[in-house]
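The tour goes stop by stop.

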Amino acid sequence: MALLFFSSCPPQQPRAQVLDAATGQPVPYASVGVQLKPLGTVADAAGYFAPQALAGAQPADTVVVSCVGYAPRKLLASTLTEGQPVRLLPQTNTLSAVTVRPGAWQRRRVGHEGSFSFTQYNFHLNGDADPARKLGREVGTILALRPGSELEDVHFFVGNNSFRGVRLRLNVRALDADDQPAASLLTQDIHYQLPDGAKGWQHLDLRPYHVQTGQHEHVAVTLEWLDGTPDPSRDWQVLLMPAPLNPLHRMVYRDKSADQWRSLRASLSLYVTAVSPRG
């Protein structure tokens, strides 16, 4: 069977689908990326994705397919063939109960609450002629938290927005031995639908998701681009987040879901409300 990476594109582009290995149901908005390369995409609401988005991959490259609630699946790029589904195994994370007692716990905001900056992070890059190029792009900030914290909500600031139907995935990640974002600490997939043209502070209530950070003292809170189309009435396209340079803070970003993380000494306009043990 001919590989999708090297065949000419027919009028109807072939698609692959991400499925739950236990139920056979689609896994919506699964991330698909080539390990350590800026190549990848995101599945749609029915779990379908276009392997053509990985066309720059070599046959021996590793493709990582992932979604919150599932164990990541790694496979060789050469094995992705037309009509062959990718099945993810459900992963169960057990949460310990957190009981907030007056006097024993402290509620505080952690992150950058400012919204003015001469420097901005733009989800839209100059080379993004195709809106799908943004799928899987991720940006966030490193936050210092007390062990045993639970996150109640997250706020992030949008400085300018010329897109419609923007869907973002929130993630909370542990840091690895190299101090880079790694495994997700979430047990449920958390999305935020950005109102068309919305600007200013955006708020997402995390209390229904019981987002706990365990014994980690630093976590990465990130936003991943899942969907969105340019406003055709606008001459130029942006989705900006303020990111003032700051030697005491660190924002992180990557172009695709399995790409290398990059860091910048800056304060992304994003903060959380954390409930933490006093101490």
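A charge sits over a ring if NZ of Lys or CZ of Arg is within 6 Å of the ring centre and within 35 degrees of the ring normal. Before the first stop, two notes. This is a predicted model, in which local features need pLDDT of at least 70, side-chain atom pairs count only at pLDDT 80 or more, and totals for chains, interfaces and linings use all residues. Residues are numbered from 1 along each chain as its sequence is written, and side-chain values use heavy atoms, with hydrogens and water left out.

**Stop 1: charges over rings**

Select Lys134 and Trp225. Lys134 lies over the face of Trp225, 5.7 Å from the ring centre. Now select Arg15 and Tyr48. Arg15 lies over the face of Tyr48, at 4.0 Å from the ring centre.

**Stop 2: aromatic rings**

Rings of Phe, Tyr and Trp (its six-membered ring) pair if their centres lie within 6.5 Å; planes under 30 degrees apart count as stacked, over 60 as edge-to-face and the rest as tilted. By this rule there are eight aromatic pairs. Zoom in on Tyr121 and Phe123: their ring centres are 5.3 Å apart and their planes meet at 85°, so this pair is edge-to-face.

Are these two buried or exposed? Buried means under 20% relative accessible area, exposed over 50%, and partly exposed in between (1.4 Å probe, protein chains only). Tyr121 has 12% relative accessibility, so Tyr121 counts as buried. Phe123 has a relative accessible area of 0% and is buried.

Next, select Trp201 and Tyr271. They form an edge-to-face aromatic pair, 5.3 Å centre to centre with 70° between the planes. This pair links distant parts of the chain: Trp201 is in strand E16 and Tyr271 in strand E22, 70 residues apart. Strands (E, at least two residues) and helices (H or I, at least four) are DSSP runs, numbered from the N terminus. Trp201 is partly exposed, at 34% relative accessible area. Tyr271 is buried, at 7%.

**Stop 3: strand E11 and its partners**

Select residues 150–158, which make up strand E11. Nine of the nine residues of E11 are buried. Which strands pair with E11? Two strands pair if DSSP finds at least two bridges between them.

- E22 (residues 270–277) pairs with E11 in the antiparallel sense, over six bridges. Val154 has Val272 of E22 as its bridge partner.
- E16 (residues 200–205) is also antiparallel to E11, with six bridges. Here Phe156 is bridged to Gln202.
- E17 (residues 211–212) pairs with E11 in the antiparallel sense, over two bridges. Look for Leu151 and its bridge partner in E17, Val211.

While the strands are on screen, recall a general point. In a regular strand the side chains alternate between the two faces of the sheet.

**Stop 4: a cavity and a pocket**

On a 1 Å grid over the protein atoms alone, a cavity is a set of points where a 1.4 Å probe fits but cannot get out; a pocket is an open set with protein on both sides within 12 Å along at least five of seven lines; lining residues have an atom within 4 Å of a point. Grid points are joined across faces, edges and corners, and a volume is the space filled by probe spheres set on the points.

The largest cavity holds about 50 Å³ of space. Ten residues line this cavity, and the closest to its centre are Leu186, Thr187, Tyr209, His210 and Val211.

Move to the largest pocket, with about 710 Å³ of space. Its lining has 31 residues; Ser66, Pro72, Arg173, Ala182 and Arg254 are the closest to its centre. Strands E5 (62–66), E13 (163–175) and E14 (181–184) each supply at least two lining residues. E14 gives the most, with four.

**Stop 5: two loops**

Select Asp179, in the loop between E13 and E14. Its phi is near 65°, a positive value in a residue other than glycine. Most residues other than glycine have a negative phi. Asp179 is partly exposed, at 39% relative accessibility.

Finish at Leu36, in the loop between strand E2 (31–34) and strand E3 (40–42). The phi of Leu36 is also positive, near 65°. Leu36 is exposed, at 53% relative accessible area.
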